[in-house]
Amino acid sequence: MTEELYYTSAYITEFFAKVISCDKADNGYELILDRTAFFPEQGGQGCDSGVLELVNDNMVNDPALSKRAKVQHVSIEQNHGANGEITTTIKHLVDMEIPVGATVHGLIDWNHRFSNMQQHTGEHIFSGLVNSKFGYDNVGFHLSDSEVTMDYNGVLSADDVKELELLANQAIWDNLEVLCDFPSDEELLKIPYRSKKELEGDVRIVTIPGIDICACCAPHVLKTGEIGMLKAVGLQNYKGGVRVNILCGKRALKYIQGEHEIVSELSGMLTTSADKVITSVKRAFEDNAALKAELNKVRESLIDAEIEEILEQNPDEDVIVTKDDSYDSNMMRKFVNGLAEKRSGFCGVFAGSEEKGYRFIIGSGTGNRDCKALCDKLRSQYGAKGGGSPKMIQGSLVTDNIEKVLQGCKL
């Protein structure tokens, strides 16, 4: 059994230990130590990171090897003995071999550890408030280096989350104690704690007085004030309940700084104050929509005029033309439909460029030509992607000779 020093104190950042075993793994070596302060991945939280330094020149006989091993991952396994006892094995995946019996000096990446402590204690506060205020359970939790998500088995509105965020920050400002201990089996029966699953063996209880009591294996801050702040950054419906995203501490501050930079830049672009950005953006969208509508009317008139010109000057029954990227699918379809009403052959548009590729829509005119047969040819001879019906096909292709493709459209 490895002694779990992170239960002695979440603030242990370095320690000494003996190497019990070292086994080759696919992407490094797996070490088991007699004691460790590296928290392993478990309970929805990622593991600690850091290094293991060799002590007393344990590797002097092999100077080609480095004396500092990077801890790439830490995992935990629980094994059940024949008599029902539970033993814990913690494996450290490192990037170099270390001899069995060697003494190592473990150094925890404190910034990473403390950030996780802030996030996890913040999650307990938020989930405890959700439970006490709405009666919902936290049925899913994930804490990585980039996000914190909680899944609840009930629905929360945006206003609910806003209120919960304020209450959570009040608990942070109150600088409450965070108590972590292993109560006896008898004591545990009297504690109304939250847990996402059935537990066995020693159960560790994390208590934030007046806010939450929850079974948890992870390191936590000593007082809620160390969290700094909590910001809810996401809410979505999920499996009949909701998924909430939060950030705490430095992560929350960086998120708010990023949002502030966005608002400041928009304010400058729109020449307005921050509190009027939304109004200005809405007005810009409305103006843009009006301009698009006006532009579409002009384009439709131009398409009608071009169709008339083609019908007057082009005697071919097949009419397939090329256009630039500005031709969208609606314009292409209008062009094709307008020609197909008056011509018996294939009527189509290839829009794009040799650099970016072409999109195409091809329709059958009054002669009921088989567009699917043409699509098969485009796929087999020019590598086109797409499909459709005998009446109309659409798709895309890449070519450095669009004129050759146009000639090939004549079956």
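Gln-45 is buried, with a relative accessible area of 3%; buried means under 20% relative accessible area, exposed over 50% and partly exposed in between, with a 1.4 Å probe and protein chains only. The model is predicted, so local features need pLDDT of at least 70 and side-chain atom pairs count only at pLDDT 80 or more, while totals for chains, interfaces and linings use all residues. Residues are numbered from 1 along each chain as its sequence is written, and side-chain values use heavy atoms, with hydrogens and water left out.

Gln-45 lies in the loop between strand S4 (35–36) and strand S5 (50–54). Helices (H or I, at least four residues) and strands (E, at least two) are DSSP runs, numbered from the N terminus. The side chain of Gln-45 makes a polar contact with that of His-120, at 2.5 Å. A polar contact is a pair of N or O atoms within 3.5 Å; within protein, one must be able to donate a hydrogen and the other to accept it, and residues adjacent in sequence count only if both atoms are side-chain atoms. Beyond four places in sequence, Gln-45 also touches residues including Phe-39, Asn-116 and Leu-143 (contact: heavy atoms within 4.5 Å).

Gln-119 sits in helix H2 (residues 110–134). Gln-119 counts as buried, at 0% relative accessibility. Its side chain reaches the backbone nitrogen of Cys-248 at 2.8 Å. Leu-143, Ile-246 and Arg-251 are among the contacts of Gln-119 outside four places in sequence.

Strands S19 (residues 385–388) and S20 (residues 392–397) pair in the antiparallel sense over four bridges; pairing requires at least two DSSP bridges. A hairpin of three residues joins S19 to S20. Gly-386 stands opposite Gly-395 in S20.
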